[in-house]
Number of protein chains: 2
Amino acid sequence: MTLHTDLVERIRLRLEESFVGIGADVAELPPPDLAELVNELTLQESASVLAMLPPARAAAVLDQPTLRRRGAIVEELDPGRSAPLLEALSADQRADVLRQLDDITRRRLLPMLTPEVRTEAEALLRYPPRTAGGIMTTEFVRLRPDMMVRDALKQVRAVARERESIYACYVLDPGSGGLLGAISLRDLVMAELTQPVTEVMRKKPVTVNALDDQEVVAARIAKYNLLAVPVLEADGRLVGFVTVDDVIDVMIEEGTEDALKMGAIEAGAGDEPYTATPFWRLIRKRAGWLLVLFVSEMLTATAMGRFEEEIARAVVLALFVPLIISSGGNSGSQAASLIIRALAVGELGIRDWWRVMRREILAGLVLGGTLGLVGFLRITAWSLVSPDAYGPHWPLVALTVFVSLIGVVLWGTLAGSMLPILLKRVGMDPAVSSAPFVATLVDVTGIVIYFEVAAFVLRGTLL
Amino acid sequence: MTLHTDLVERIRLRLEESFVGIGADVAELPPPDLAELVNELTLQESASVLAMLPPARAAAVLDQPTLRRRGAIVEELDPGRSAPLLEALSADQRADVLRQLDDITRRRLLPMLTPEVRTEAEALLRYPPRTAGGIMTTEFVRLRPDMMVRDALKQVRAVARERESIYACYVLDPGSGGLLGAISLRDLVMAELTQPVTEVMRKKPVTVNALDDQEVVAARIAKYNLLAVPVLEADGRLVGFVTVDDVIDVMIEEGTEDALKMGAIEAGAGDEPYTATPFWRLIRKRAGWLLVLFVSEMLTATAMGRFEEEIARAVVLALFVPLIISSGGNSGSQAASLIIRALAVGELGIRDWWRVMRREILAGLVLGGTLGLVGFLRITAWSLVSPDAYGPHWPLVALTVFVSLIGVVLWGTLAGSMLPILLKRVGMDPAVSSAPFVATLVDVTGIVIYFEVAAFVLRGTLL
């Protein structure tokens, strides 16, 4: 953040000179701002700053999901310093940091945690990342069905002293550990102290399964306006919950990924910000897909090669190649964007493919016809103004462009709308079918359509 | 949603036949699911369903921000039925619905509300949509600085009986209405009943201004992990607050908009889902930008026309035009996606343009050089295998492709990275600089670069 530039410089100076005063420099900053500032520093500088902050403050910074390179920073720290920091994190953030560590550091650090924290961390690490279990926290308030509201409030006060947030209290079956109901703090405050909790709790609350994808969790919390959603194991045991602010982090992360994928850039969990990514890593992330697209696009040269003779006889045909193929690419990108988004927000499913296809065939014909007409009129106008522009057979050239545009736009629209559904069907992320991919797919076909139409329309005249 | 298809059909039948039993059909559905179901119906059907539900349930459905066409549905209803529904909504949703009504319906409905609700609604309508004031609710718990925790809890209980959620209590200066501090329900539960609220409250809470853009509000709530953020007027008076679940709705809305803009589709507030948009409206949304792109892309024909003689003399040149220009478009789309996202999440500002430019010049040279090398090797390999493929001067053709790719990719990268910053500078949404736009911009220049390089390299041989 440009806002922090002065402070970043001052901290760099401190680190070079005397190592003192950093705590005072940043004493006023809330942890989220401090995390943002640390994101601007190199890895070594970040570790030095965390080592020099008072432990509670260092832990509060490390607890921020917006802090980048958390694993790498912890690896830089002396284990004697990093173990107590990990101990002080919230359970979900601790699991996230541990997951980012290399095996050696993780195996060295885990035994340094208290047995209770270690068991909890190891339990959370067993869930795959990017699932409900992988992002949940386990620090919920457990209530027994025989409690009264008074006991519940006492329990909440006991737990809240240690923990930052108390979003939800859950009433568990003492035998099976199954979820009987959920009680919000609001419900507790509103109820009479002598009411049994079973009378106040909401039965059948909305839940998620531990192995549900994090996007499913986000969608459910958003749809039902929840502050937290309980996470159940396959056998119905309550194992944790995911809060609304975890979900916001998930949405930002997934938003970034989708945005990058749509630009044909490799994206994954824990992506670094543009400015903090080292130059060569940025190149690697971009070169891979760029090369794949380039090599696929080489087929256009092969396709054009097949029509070399036609081009030699009627050079005028070559002039419209970029216009024709880009129209296919653009209409394909539009269709892909619409369908990717509709799939992402759950408006469409794989089973709707035929409904989409019917619609897009019509849309492709209408849009292609419109562009074709504009193209036809443009060639006509030019030819009437300067008769040499496209030669004596310009009406046939104009007709070729008209018919080709209908075909190419129709094909682009179909490819753009069906590709995301197809990708989803085979278990891939539809967002991969980005504008560049659709365009590349459509370019080769567009060339073939165009020259085949030309061969048919212009046979005996230009060709 | 495909899940509801059977239920939708059943409801359609009920509407045709007897108008009874709808309440029972959907009695089990929570309001968010019911809203989703209503989204599948026509406007008339939706209004009929709302009219037939028990009033409290109809209001709960109308209160869902995920319900589409809320204004239009209310316009369909009889005012005698819609006024009590509006009355029962939460303040922020009521303002949102009123904003969507046509002037006549709004002017007819407002006087039918109770004076208190009407005053509040009119106050909220004064704020522009998509600002903090435009999405806030005014139903916060007001505390006086002379209160004790016991009084505060009493106040909360009194208010919570009427209202769905009590996210935040605010201590106000009785004279100025200025915000002295914020107290969460957790703070109140943890404190002693006899403590003064001024001792428990958080001083200097994070706030937003009423005219801040809703994206600013979302960013702040996300960054500081807040459940709610208080909204201040320019003079410091507290006028309302925005909750975390409003923010999730904002993020979904803005996510949809950005996704559509990146595909060059017109997007705006209240966009309809793909399946619910009437065919011709969908065409209009797509045809506009498609035509703009098409007309701009016509310049490629003009550019190619300038080099018609060169193509006639060396048809082989035409074969590589799609490959060259698409490489510029793809590298430009990558750069644009990276920069648009970095601008959106606040990692980059307008002032960073020079830093970005330096980086992208280097990136463009490296990526262009890589693609160029692959292109060079491909032409070499083909020519060694079948010497006729690109004629006797194939080394010069390969050199032309190599140099052009460096130039075109460099230009694409620069255009793609600078365009979003430029758009932001002039107050437009950077997301408009989508892949199709960048590609169109780069295509014409790419053609010129390619043929100029060819003219230079091939002079005296092919040309």
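User: Starting with the open sheet in chain B, how many strands form it, and in what order?

Analyst: In this predicted model, the open sheet of chain B is built from 4 strands in the order 1-2-3-4, and the pairing among them is mixed. Strand 1 (141–143) and strand 4 (202–203) of chain B stand at the edges with a single partner strand each, so one side of each is left without a neighbour in the sheet.

User: And strand 2 against strand 3 of chain B, parallel or antiparallel?

Analyst: Strand 2 (residues 169–172) and strand 3 (residues 179–183) of chain B run antiparallel and are joined by 4 bridges. One pairing you can look up in the structure is B:Leu172, whose bridge partner in strand 3 of chain B is B:Leu179.

User: Is B:Lys204 buried or exposed?

Analyst: B:Lys204 counts as exposed, because there are 10 C-beta neighbours inside 10 Å, and the cut-off for exposed is 12 or fewer.

User: Which other residue has a positive phi, of about 65 degrees, without being a glycine?

Analyst: That is B:Arg130, which has a positive phi of about 65 degrees although it is not a glycine. B:Arg130 is found in the loop between helix 10 (115–125) and helix 11 (132–135) of chain B, and with 16 C-beta neighbours inside 10 Å it counts as partly exposed.

User: Back to strands. How many residues of strand 6 of chain B are buried?

Analyst: Strand 6 (residues 228–232) of chain B is mostly covered, with 5 of its 5 residues buried. B:Ala228, B:Pro230 and B:Leu232 point one way from the strand, while B:Val229 and B:Val231 point the other way, and all are buried. In general, the side chains of a regular strand alternate between the two faces of the sheet.

User: Which strands does strand 6 of chain B pair with?

Analyst: Strand 5 of chain B runs parallel to strand 6 of chain B and is joined to it by 2 bridges, whereas strand 7 (residues 238–243) of chain B runs antiparallel to strand 6 and is joined to it by 5 bridges. Strand 6 and strand 7 of chain B form a hairpin with 5 residues between them, and B:Gly236 in the turn has a positive phi of about 90 degrees.

User: Switching to chain A, what is A:Val217 in contact with, leaving aside its neighbours within four places in sequence?

Analyst: On that basis A:Val217 is in contact with A:Ala132, A:Val208, A:Asp212, A:Val229, A:Val242 and A:Val247. A:Val217 is found in helix 15 (residues 214–223) of chain A and counts as buried, with 24 C-beta neighbours inside 10 Å. The C-alpha atoms of A:Val217 and A:Thr131 are separated by 8.3 Å, although these residues are 86 residues apart along the chain.

User: Which residues have the most contacts inside the largest nonpolar core?

Analyst: They are A:Ile339 and B:Ile339, in a core of 139 residues. Another core lies apart from it, with 86 residues, among them A:Ala152, B:Phe241, B:Val247 and B:Val250.

User: How many residues does each chain put into the contact between chain A and chain B?

Analyst: The contact takes 94 residues from chain A and 94 residues from chain B.

User: Why say that the copies meet through the same surface?

Analyst: The reason is that 100% of the interface residues of chain A are also interface residues in chain B. A rotation of 180 degrees, with 0.0 Å of shift along its axis, superposes chain A on chain B with an RMSD of 0.1 Å, and the two copies are thus related as by a two-fold rotation axis.

User: Last one, which domains is chain A divided into?

Analyst: Chain A is divided into domain 1 (2–126), domain 2 (141–251) and domain 3 (278–458). The centres of domain 1 and domain 3 of chain A, taken over C-alpha atoms, are separated by 50 Å.

Terms used:
Residues numbered from 1 in each chain as written. Chains lettered and ligands numbered in written order. Predicted model: local features only at pLDDT ≥ 70, side-chain atom pairs only at ≥ 80, totals over all residues. Domains from an automatic or database assignment. Contact = placed C-beta atoms within 7 Å. Pairing = 2+ DSSP bridges. Least-squares fit on C-alpha atoms with pLDDT ≥ 70 in both. Buried ≥ 20, exposed ≤ 12 C-beta atoms within 10 Å, placed from the backbone. Core = buried A, V, L, I, M, F, W, Y, C linked by C-beta atoms within 7 Å.
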